[in-house]
Amino acid sequence: MPTIKAAVCHEFGSPLVIEDVQLAAPRTGEVEVTLDAVAICHSDISFAEGAWGGFLPAVYGHEAAGVISAVGDNVQGFAAGDSVVVTLIRSCGSCPSCAGGAPTLCETPYDAVNGPLKTADGAPLMQAMACGAFAERVVVDQRQIVKIPSEIAKDVAALISCGVITGVGAAVNAAKLRAGEDVVVIGAGGVGLNAIQGARIAGARRIVAVDLSEEKLEIAKEFGATHTVLGRLDAPWKASYKALGGRGADVVLVTVGAIPAYEQATRYLGIGGRMVMIGMPHSGAKASYEPVIMAAIGQGMIGSKMGDVVIQRDIPWMVDLYQQGRLKLDELISGRWKLEDINAAIADTKTGSARRNVILFDR
Ligand SMILES: [Zn+2]
Ligand SMILES: [Zn+2]
């Protein structure tokens, strides 16, 4: 089997190790993509810290873009040389969720431990999130990729495959925002900034960004926040009511995984409002609510995974909006790193000040 360089997690909480691993050729319906760029997402960090468990050793990384270098049997519409974004949304296409138009909720399990990756000496190596993109190449299903114009820089394109579709999709698909509605976005990190620009694109009337960092709130304004609230205030939702003319929001998008953020989120909601849950707390963490209020004033809670996207439908329009200057992507990148420096890039991401750090591969 050909070998590639990858950043491997051998022990939760320890630095990733750059080493040679084996990557199998694409099987039926799969393609091999030689990566140009992979961004570091907070989910990668949560996995590497053991927040959600899982098999080890593992290769994380799932926000990637590159060029197809090989195709398996029965691959339709893709050929070697195509520029693509690679997502973690491996969908079977035929289960009730997929057939019902919700591929992010695919019910067919994927055996990532027996995927295309093996260690250099042939032992099982988990292809985490069906991607394993902290590596020079990936082998993924054709349903996980979308073709993009070759002229779009791959570091920018990589961001689309997780943070952008998750945030923009949450506003457009999950919240089903109607033009003129008032929106609160809790968290102005990578996903939060995209939720803000998703709300702007969907025609929100007022967009209130809430974050613990004043610096991030300034960035939120660049992405379309019309008002900002410092989450460290006492009862910060009161500042939001004021911004929204004395009422709660029609939609609250929770883009961080912190439990206090989840517990406060309903305070920002107005009568008949809906809360969209995007941020992923650690397994076992619990938040509490007062159901009587939500029942009495008709509020709703909606879980949203990967922006409820259908990538073949949604990524092409996001690419168009980027090319028209209506979706900001370049501004989401805070740093560019080499694979060898991935642990430093992860440490920088963990400080919380970064937008997105992107690993660029040498060709
Ligand atoms: Zn992600
Ligand atoms: Zn499915």
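1. On conventions: the model is predicted, and local features need pLDDT of at least 70, side-chain atom pairs count only at pLDDT 80 or more, and totals for chains, interfaces and linings use all residues. Residues are numbered from 1 along each chain as its sequence is written, chains are lettered from A and ligands numbered from 1 in the order in which they are written, and side-chain values use heavy atoms, with hydrogens and water left out.

2. The zinc ion (ligand 1) is held by C41 (SG), H62 (NE2) and C162 (SG) at 2.0 to 2.2 Å, where donors are N, O and S atoms within 2.8 Å of the metal (3.2 Å for Na, K and Ca), and sites may look incomplete, water not being among the atoms. Along the chain these donors follow the spacing C-x20-H-x99-C. C41 sits in the loop between β3 and α1 whereas C162 belongs to helix α3, so the pair ties together parts that are 121 residues apart in sequence. Helices (H or I, at least four residues) and strands (E, at least two) are DSSP runs, numbered from the N terminus.

3. Both of these cysteines are buried, C41 at 5% relative accessibility and C162 with a relative accessible area of 5%. Buried means under 20% relative accessible area, exposed over 50%, and partly exposed in between (1.4 Å probe, protein chains only).

4. For comparison, the ideal angle for four tetrahedral donors is 109.5 degrees. C95 is buried, at 7% relative accessibility, while C92 counts as partly exposed, at 22%.

5. Helix α3, which supplies C162, is mostly covered, with 20 of its 21 residues buried. The helix bends by about 55° at I160, the bend being the angle between axes fitted to the seven residues ending at a residue and the seven starting there. After α3 comes K176, with a positive phi near 50°.

6. In helix α1 (residues 42-49), the buried residues include D44, I45, S46, F47 and A48, and their cover includes β3 (30-39) and α10 (342-350), contact meaning heavy atoms within 4.5 Å. G50 follows α1 and has a positive phi, near 90°.

7. The largest nonpolar core has 105 residues, and Y60, V86, F134, I165, I196, L253 and I342 have the most contacts inside it. Helix α3 (residues 154-174) gives the most to this core, with 12 residues, and a second, separate core of 17 residues includes V208, A243, A261 and M275. A nonpolar core is a set of buried Ala, Val, Leu, Ile, Met, Phe, Trp, Tyr and Cys residues joined through side-chain atoms within 4.5 Å.

8. R206 lies in the loop between α4 (190-201) and β12 (207-211), and at 16% relative accessibility this arginine counts as buried. Its side chain makes a polar contact with the side chain of D182 at 2.9 Å; such a contact is a pair of N or O atoms within 3.5 Å, and within protein one must be able to donate a hydrogen and the other to accept it, residues adjacent in sequence counting only if both atoms are side-chain atoms. Beyond four places away in sequence, R206 touches residues including E181, V183, T226, H227 and A243.
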